[in-house]
Amino acid sequence: MHRALEGAYSTLMHGIQELTFKGPSVPSELLLNGHHAFPLAVNAEDQVIIAASCYGLGRIVVLGHEVYLQDFPDLVKNALGWLQPPSGRAKVGVHPSSKAIVGNLSSVDAEVCQFRSDLGVYVADAYSVDPFAEDLVSFLKAGGGLLIAGQAWHWSHTHPQENVQLNFPGNQVCGVAGIYLTEHYGKHGEILVPPKLPLRGSLRL
């Protein structure tokens, strides 16, 4: 298992030496649960900001803020490659709310569309998935790839009586793979990408 995770980490972080989290966009800290979820970016406070996992036959990458879909184009390209189903290259669908990233995907067969099960990979923010969360989980289980980005701390403020881990829209999809967007703020800063998998941070094995 650890060797497989090391291989996945190397593929996802290929060519990336550092990630800089800055500006007004405050990410959510991610909570990882289970043996399949693993961190990709861990900050100086030992908080996981970006992570990946597997569920059924599929794969998922979760970014702690939707702006990272545009801030880290190399990571997104690596992720879209890793998320492709084993049967070969398939079309990437991008939810309309995330359409701004399509300009960075010149080498990827991508289209802006609502979710369809015939896609190979789907990209969406963590707020837009609520109407088709069950379909996404089925898609993931059957071998599809998902790239989801967003933060949950603002939602937790506007839904103070709700359980973020269970009820935040993105978590209804990410949670099946052992990744949860939490109400906790992630700290900004520069993260040097280590050559080996950083098995630390908010990891619960």
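How many Å apart are the mean positions of the positive and negative charges of the protein chain? I began my notes with this question, keeping in mind that the model is a predicted one. For the 13 positive and 18 negative charges of the protein chain, I found mean positions that are 8 Å apart.

Next I looked up the overall fold. I counted 7 helices and 12 strands in the protein chain. Its radius of gyration came out at 15 Å, close to the 17 Å that the globule rule gives for 205 residues, so I noted the protein chain as being as compact as a globular protein of that length. Along the principal axes, I read a span of about 40 × 40 × 35 Å for the C-alpha trace.

I then turned to surface and contacts. The protein chain exposes about 9400 Å², of which carbon and sulfur atoms supply 51%, while 54% of the 205 residues count as buried. When I took the contacts between residues at least 6 apart in sequence, I found that 69% of them join residues at least 24 apart.

Setting aside the neighbours within four places in sequence, I listed Val92, Leu105, Val108, Val121, Val123 and Leu147 as the residues in contact with Leu80. I also checked Leu80 against Leu140, which is 60 residues away along the chain, and found their C-alpha atoms separated by 14 Å.

Methods:
Residues are numbered from 1 along each chain as its sequence is written. This is a predicted model: local features need pLDDT of at least 70, side-chain atom pairs count only at pLDDT 80 or more; totals for chains, interfaces and linings use all residues. Side-chain values use heavy atoms; hydrogens and water are left out. Contact means heavy atoms within 4.5 Å. Helices (H or I, at least four residues) and strands (E, at least two) are DSSP runs, numbered from the N terminus. The radius of gyration is taken over C-alpha atoms; the globule rule is 2.2 Å times the number of residues to the power 0.38. Buried means under 20% relative accessible area, exposed over 50%, partly exposed in between (1.4 Å probe, protein chains only). Accessible areas come from the Shrake-Rupley method with a 1.4 Å probe; for residues, only the protein chains shown count as cover. Lys and Arg count as positive and Asp and Glu as negative; His and the chain ends are not counted. The place of a charge is taken as NZ of Lys, CZ of Arg, CG of Asp or CD of Glu.
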